[in-house]
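Hi,

Here is the model I promised to pass on.

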Amino acid sequence: DDAVSGAEFRERPGLLRFLDTMKNGKPFNAVVMSEQSRLGREQLETGYLLKQIRDAGIRVFYYLTNEEARLDSALDKIMSSLTSFAAEMEREKARQRARDAAERKARQGYVTGGEPYGYENVHYKDGVELPRGTPHDYVKRRIKEDEAAVIRSVFLMYEAGYGHTVICKTMNGVPRYADQLREFFDGRPPAPPRKRTGSWAPTQVREMLYRRLYRGEIVWGQYTNVDRNGRAGLRVKRDSSEHLFVPAPDLRIIPEPLW
């Protein structure tokens with residue numbers, strides 16, 4: 001299962017095919033892998049999976065250590081558990097290293113995520129702007145004025161008392177709201193965000209109104225990834241006290257009074 005997390009047990013095609021074959025015919029009597037961490041890198045899930053394989057009468061071998069996995073005694077089980085513990089610890093350390101690197105970038109005002117509406121990502125190397133897709137040292141955001149104008153119009157419309165749904169329908173060019181379209185968007189429905197199809201949605205409008213980046217403030221660390229119930233990288237919202245706020249006045253789109 002190339003490029004699939006070792007903490008993932010429900011969405012691993014190779015593993016699922018193996019388990020299905022094991023339960024329906026079992027045309028083999030042994031499994032060979034480099035080490036136990038290749039089976040999984042989460043203690044409880046890996047231990048249960050290894051038990052399923054052994055209970056099916058299939059032997060498991062690790063070629064890096066030239067050993068066979070055994071669960072015949074308490075000592076065998078604790079050694080297997082300790083091996084899985086070490087693999088899971090290494091995974092957590094790797095995740096922490098990646099998170100620390102991303103936090104350092106965020107503190108410097110560099111991009112660590114996607115490309116929100118209103119901005120474009122610009123690649124730099126040695127302080128020189130580079131074409132997108134080329135090797136670079138860091139990425140910074142730059143305001144896209146055409147999209148920034150749409151964002152300001154959304155805020156002005158909300159300030160005037162219109163709700164998310166009405167703003168959304170206005171931006172989608174619904175005839176009933178032609179007057180609002182002329183007043184706030186010069187009569188031209190704005191194109192939906194990049195990489196999306198169809199039309200504007202009320203949730204997009206709400207997200208726009210709450211995005212602190214539009215007031216010139218980078219917010220990093222709002223979410224974290226956790227492993228749960230055999231699924232890897234589940235996105236969980238962190239408490240606001242754990243968020244990192246970095247002033248970015250050059251990225252301000254909405255004046256403070258309007259915000």
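Tyr-124 stands opposite Glu-129 in S5. Before going further, the ground rules: this is a predicted model, so to speak of local features I needed pLDDT of at least 70, side-chain atom pairs count only at pLDDT 80 or more, and totals for chains, interfaces and linings use all residues. Residues are numbered from 1 along each chain as its sequence is written, and side-chain values use heavy atoms, with hydrogens and water left out. Helices (H or I, at least four residues) and strands (E, at least two) are DSSP runs, numbered from the N terminus.

Back to the strands. S4 covers residues 119-125 and is mostly covered, with five of its seven residues buried; buried means under 20% relative accessible area, exposed over 50%, and partly exposed in between (1.4 Å probe, protein chains only). S4 belongs to an open sheet of three strands in the order S5-S4-S6, with antiparallel pairing. Two strands pair if DSSP finds at least two bridges between them. The edges are S5 and S6, each of which pairs on one side only. From one strand to the next the twist averages 50 degrees (axes are lines fitted to C-alpha atoms, for helices over the stretch in contact, and angles run from 0 to 180 degrees between N-to-C directions).

How many bridges join S4 to S6? Six, with S6 spanning residues 138-143 and the two strands running antiparallel. Along that pairing, Asn-121 has Arg-141 as its bridge partner, and Tyr-119 stands opposite Ile-143. On the S5 side (residues 128-130) there are three bridges to S4, again antiparallel.

If you want to follow the side chains, remember that in a regular strand they alternate between the two faces of the sheet.

**Two positive phi values**

The hairpin of S4 and S5 has two residues between the strands, and Asp-126 there takes a positive phi near 55 degrees, although Asp-126 is not a glycine. Asp-126 is exposed, at 67% relative accessible area.

Asn-66 is another one to check: its phi is near 55 degrees, a positive value in a residue other than glycine. Asn-66 sits in the loop between strand S2 (59-62) and strand S3 (67-69), and with a relative accessible area of 72% Asn-66 is exposed.

**Rings**

Searching the whole structure gave seven aromatic pairs. The rule is that rings of Phe, Tyr and Trp (its six-membered ring) pair if their centres lie within 6.5 Å; planes under 30 degrees apart count as stacked, over 60 as edge-to-face and the rest as tilted.

One of them is Phe-18 with Phe-28: the ring centres are 5.6 Å apart and the planes are at 20 degrees, so the pair is stacked. Phe-18 is in helix H1 (residues 13-23) and Phe-28 in the loop between H1 and strand S1 (30-33), 10 residues apart. Phe-18 counts as buried at 18% relative accessibility, whereas Phe-28 is partly exposed at 25%.

Tyr-119 and Tyr-214 are stacked as well, at 6.0 Å centre to centre with 15 degrees between the planes. Tyr-119 lies in S4 and Tyr-214 in the loop between helix H7 (202-210) and strand S7 (217-220), so this pair ties together parts that are 95 residues apart in sequence. Tyr-119 is buried at 0% relative accessibility, and Tyr-214 is buried at 1%.

Ring pairs also link Tyr-110, Tyr-124 and Tyr-138 into a cluster.

**Arginines**

Which residue has Arg-206 over its face? That would be Tyr-210, with Arg-206 at 4.3 Å from the ring centre. Arg-12 likewise lies over the face of Phe-9, at 5.7 Å from the ring centre. A charge sits over a ring here if NZ of Lys or CZ of Arg is within 6 Å of the ring centre and within 35 degrees of the ring normal.

Last, Arg-238, found in the loop between strand S9 (231-237) and strand S10 (244-247). Arg-238 counts as buried, at 18% relative accessibility. Leaving aside neighbours within four places in sequence, Arg-238 is in contact (heavy atoms within 4.5 Å) with Arg-99, Gly-221, Gln-222, Tyr-223, Thr-224 and His-243.

Cheers
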